[in-house]
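I opened my notebook to record, entry by entry, what I looked up in this structure.

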Amino acid sequence: MKSNPNRDVFHAIADPTRRRILQLLVVAGVMTINALAANFSSSRQAVTKHLKILKQAGLVEIRSQGRERLAEPRCAGLKEVFDWARNYERFWNDKLNTLEQYLDRRKEQDRDAKT
């Protein structure tokens with residue numbers, strides 16, 4: 001059975017517009033669809049399509065309040081991304097530590113050469 005790529009968190013955050021929508025929602029907490037759309041040069045309909053993908057991935061909740069539709073972040077779904085990225089944390093820490101040691105040695109060599 002083929003899975004729906006729209007339900008994949010990685011697919012959802014792959015698009016810069018969707019990442020910006022999430023960022024706006026995290027800062028604001030809750031925003032109307034119109035307020036969100038005002039931050040983009042694309043149409044409200046395009047923003048709504050992006051929100052649909054974020055909703056399918058479990059990253060946004062859409063609810064109605066009177067005549068307004070509100071979007072609210074659900075960032076718990078980003079834990080999957082965090083866990084995946086954490087796998088590379090040791091790799092990058094090792095690389096950065098090696099770079100730091102190299103730079104320290106170079107600094108010492110430069111100091112020794114000047115004396």
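Which residues are exposed on the other side of α2? I found that they are Pro-16 and Val-27, and I kept in mind throughout that I was reading a predicted model.

Next I looked up the extent of α2, which runs over residues 16–28 and has 13 residues; from its first C-alpha to its last it reaches 18 Å, close to the 18 Å expected at 1.5 Å a residue.

I then listed the buried residues of α2, which are Arg-18, Ile-21, Leu-22, Leu-24 and Leu-25. Looking down the axis of α2, I noted that these buried residues fall within an arc of 160°, so they line one face of the helix.

At the two ends of α2 I made separate notes: at the start, a side-chain oxygen of Asp-15 reaches to within 2.8 Å of the backbone nitrogen of Thr-17, while α2 is followed by Gly-29, whose phi is positive, near 90°.

Turning to the strands, I saw that β1 and β3 pair in the antiparallel sense over two bridges, with Leu-70 in β3 as the bridge partner of Thr-32. The strands β2 and β3 also pair in the antiparallel sense, over six bridges, and here Ser-64 stands opposite Arg-69 in β3.

My last entry concerns the hairpin that β2 and β3 form, with two residues between them; in its turn, Gly-66 has a positive phi of about 65°.

Terms used
Residues are numbered from 1 along each chain as its sequence is written. This is a predicted model: local features need pLDDT of at least 70, side-chain atom pairs count only at pLDDT 80 or more; totals for chains, interfaces and linings use all residues. Side-chain values use heavy atoms; hydrogens and water are left out. Helices (H or I, at least four residues) and strands (E, at least two) are DSSP runs, numbered from the N terminus. The expected span of a helix is 1.5 Å times one less than its number of residues. Buried means under 20% relative accessible area, exposed over 50%, partly exposed in between (1.4 Å probe, protein chains only). The arc is that of the directions from the helix axis to the C-beta atoms. A polar contact is a pair of N or O atoms within 3.5 Å; within protein, one must be able to donate a hydrogen and the other to accept it, and residues adjacent in sequence count only if both atoms are side-chain atoms. Two strands pair if DSSP finds at least two bridges between them.
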